[in-house]
Amino acid sequence: MTQAASFQADADTNSLSDAVAGSTDRARIACPSCDLLFDVTDLPDGATANCSRCGNFLTTNKSDAFERVTSACIAALVMLAVACAFPFMQFSRAGLENTMTLPQTVMELWNNNMPWLAIIVASFILIIPAVVTICMLVLSITLTRNHSPSWLRQLGSTVFHLQNWSMVEVFFVGVLVSLVKIAKMATIVLGTSFWAYAAFTVLFTLAVTNLDKFQSWQKIEALAAE
Ligand SMILES: [Zn+2]
């Protein structure tokens with residue numbers, strides 16, 4: 001369905017209505033919710049486009065988006081390495097102390113005959129976030145340098161598919177809820193790893209939100225066509 005449409009860019013970045021033209025090199029995006037087609041060729045730097053019919057988010061145009069993603073991914077990987085290397089938290093009650101690291105939580109599940117749960121937990125809080133961050137880093141560096149290797153499309157598909165399976169923020173909210181309950185039963189000392197994982201969660205979310213799907217595919221396709 002192709003039709004002339006207006007779009008709501010954010011705040012005072014104005015309406016870019018009637019921008020649809022017959023030219024083939026226009027940047028068009030279909031609303032993922034209602035399929036209405038929009039022309040976002042003239043979207044100003046820093047502006048966000050939303051569907052004028054259902055209000056669904058379409059895309060954000062940031063000229064320095066890939067540099068932001070690169071910085072966030074490098075910092076996130078450093079924080080994840082710190083989170084795996086240091087104690088996550090320490091419990092003490094009635095003279096007994098127990099220190100736990102993130103890899104140890106997975107091993108505890110494994111040793112208690114819950115291998116599937118151990119694999120799921122390790123995948124969602126460590127392995128998938130690490131793989132997604134590395135893939136986002138490679139993608140953003142490649143796009144920043146205007147390279148177009150043969151695997152670029154596959155990498156783009158992998159990044160945007162795997163992002164749906166990363167649950168770092170869900171895990172962190174779960175930890176905070178558990179802490180409130182455990183704090184009533186034992187003394188808890190939050191370790192370096194806890195704060196590092198909190199920083200990783202923020203940096204990872206920052207990288208994901210800055211890596212705009214439409215902007216990335218526009219660039220991937222443009223480089224492939226050169
Ligand atoms: Zn819509």
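Buried means under 20% relative accessible area, exposed over 50%, and partly exposed in between (1.4 Å probe, protein chains only). This is a predicted model, in which local features need pLDDT of at least 70, side-chain atom pairs count only at pLDDT 80 or more, and totals for chains, interfaces and linings use all residues. Residues are numbered from 1 along each chain as its sequence is written, and side-chain values use heavy atoms, with hydrogens and water left out.

**Stop 1: Ser-193**

Select Ser-193. Its relative accessible area is 0%, so Ser-193 is buried. Ser-193 lies in helix H6 (helices, H or I, of at least four residues and strands, E, of at least two are DSSP runs, numbered from the N terminus). Now show what Ser-193 touches: Val-82, Ala-83, Phe-86, Pro-87, Phe-88 and Leu-102, leaving aside residues up to four places away in sequence. Contact here means heavy atoms within 4.5 Å.

**Stop 2: Ala-85**

Ala-85 counts as exposed because its relative accessibility is 55%. From Ala-85 to Ser-193 is 7.3 Å, C-alpha to C-alpha, yet they are 108 residues apart in sequence.

**Stop 3: H1 against H6**

Select residues 65–85 (H1) and 192–210 (H6); their axes come within 8 Å and cross at roughly 160°. That makes H1 roughly antiparallel to H6. Axes are lines fitted to C-alpha atoms, for helices over the stretch in contact, and angles run from 0 to 180 degrees between N-to-C directions. Angles under 35 degrees count as roughly parallel, over 145 as roughly antiparallel, 65 to 115 as roughly perpendicular and the rest as oblique. The H1–H6 crossing is left-handed (the near helix is turned anticlockwise from the far one by less than a right angle; clockwise would be right-handed).

**Stop 4**

**Stop 5: the zinc ion**

Which residues are the protein donors of the zinc ion? Select Cys-31, Cys-34, Cys-51 and Cys-54: each gives its SG atom, 2.3 Å from the zinc ion. Donors are N, O and S atoms within 2.8 Å of the metal (3.2 Å for Na, K and Ca); water is not among the atoms, so sites may look incomplete. Along the chain, the donors follow the spacing C-x2-C-x16-C-x2-C. Cys-34 sits in the loop between strands S2 (28–30) and S3 (37–39), and Cys-51 in strand S4 (residues 48–51), 17 residues apart. Finish on Cys-51, which counts as buried because its relative accessibility is 0%.
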